[in-house]
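Hello,

Here is the structure I promised to pass on. Please open it alongside this email, and my notes follow below.

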Amino acid sequence: VRLVESGGGLVHAGGSLTLSCTTSGSIFNLPAMGWYRQAPGKERELVAALDTGGSLYYADTVRDRFTIARDSAKNALTLQMNSLEPEDTAMYYCAAGMGIDVLSRGSRGQGTQVTVSS
């Protein structure tokens with residue numbers, strides 16, 4: 001099982017980043033995929049997720065700023081992040097599993113660091 005995240009970096013507050021997660025076809029075809037983040041000293045948080053049934057989830061803290069999407073041609077999951085805030089600083093992880101509510105038990109990548117300066 002292999003998920004590879006990319007696209008993180010350092011950005012000023014108000015800026016944008018797009019994260020990408022690529023994986024094999026067998027993983028990409030799992031029912032649910034999503035993005036978690038974890039900041040130092042804080043619990044892991046599910047940021048956004050989607051499933052093959054059309055369900056979408058966004059954390060209240062990112063709704064209307066972040067957009068999750070699947071790119072079937074590339075076996076990739078993306079996270080478009082706009083209007084970034086210093087509070088969005090964290091390691092971001094891609095995950096795949098059998099359902100949005102059990103993503104924490106699924107496969108996870110190594111993460112990509114997002115740092116937002118004020």
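Ser-20 sits in strand 3, residues 17–23. Strands here are DSSP runs of E with at least two residues, helices are runs of H or I with at least four residues, and both are numbered from the N terminus. Ser-20 counts as buried because its relative accessibility is 19%. Buried means under 20% relative accessible area, exposed means over 50%, and partly exposed lies in between, with a 1.4 Å probe and protein chains only. Leaving out residues up to four places away in sequence, Ser-20 touches Val-4, Glu-5, Ser-6, Trp-35, Ala-76, Leu-77 and Thr-78. Contact means heavy atoms within 4.5 Å.

A word on the source. This is a predicted model, where local features need pLDDT of at least 70, side-chain atom pairs count only at pLDDT 80 or more, and totals for chains, interfaces and linings use all residues. Residues are numbered from 1 along each chain as its sequence is written, and side-chain values use heavy atoms, with hydrogens and water left out.

Now the whole chain. It has 1 helix and 11 strands. From the N terminus, the order is β-β-β-α-β-β-β-β-β-β-β-β. The C-alpha atoms fill a box of roughly 40 × 25 × 25 Å along the principal axes. The radius of gyration is 13 Å, which agrees with the value near 13 Å for a compact globule of 118 residues. That radius is taken over C-alpha atoms, and the globule rule is 2.2 Å times the number of residues to the power 0.38. Of the 118 residues, 43% are buried. Take the contacts between residues at least 6 apart in sequence: 58% of them join residues at least 24 apart.

Strand 11 pairs with strand 9, residues 90–97, in the antiparallel sense, over 3 bridges. Met-91 stands opposite Gln-113. Two strands count as paired if DSSP finds at least two bridges between them.

Beyond its neighbours within four places in sequence, Gly-8 is in contact with Leu-17, Leu-19, Thr-112, Gln-113 and Val-114. Gly-8 and Tyr-93 are 85 residues apart in sequence, yet 11 Å apart in space, C-alpha to C-alpha.

Last, Asp-51. It belongs to strand 5, residues 45–51. At 22% relative accessibility, Asp-51 counts as partly exposed. Neighbours within four places aside, Asp-51 is in contact with Pro-31, Ala-32 and Ile-100. Arg-108 is 57 residues away from Asp-51 along the chain, and their C-alpha atoms are separated by 16 Å.

Best wishes
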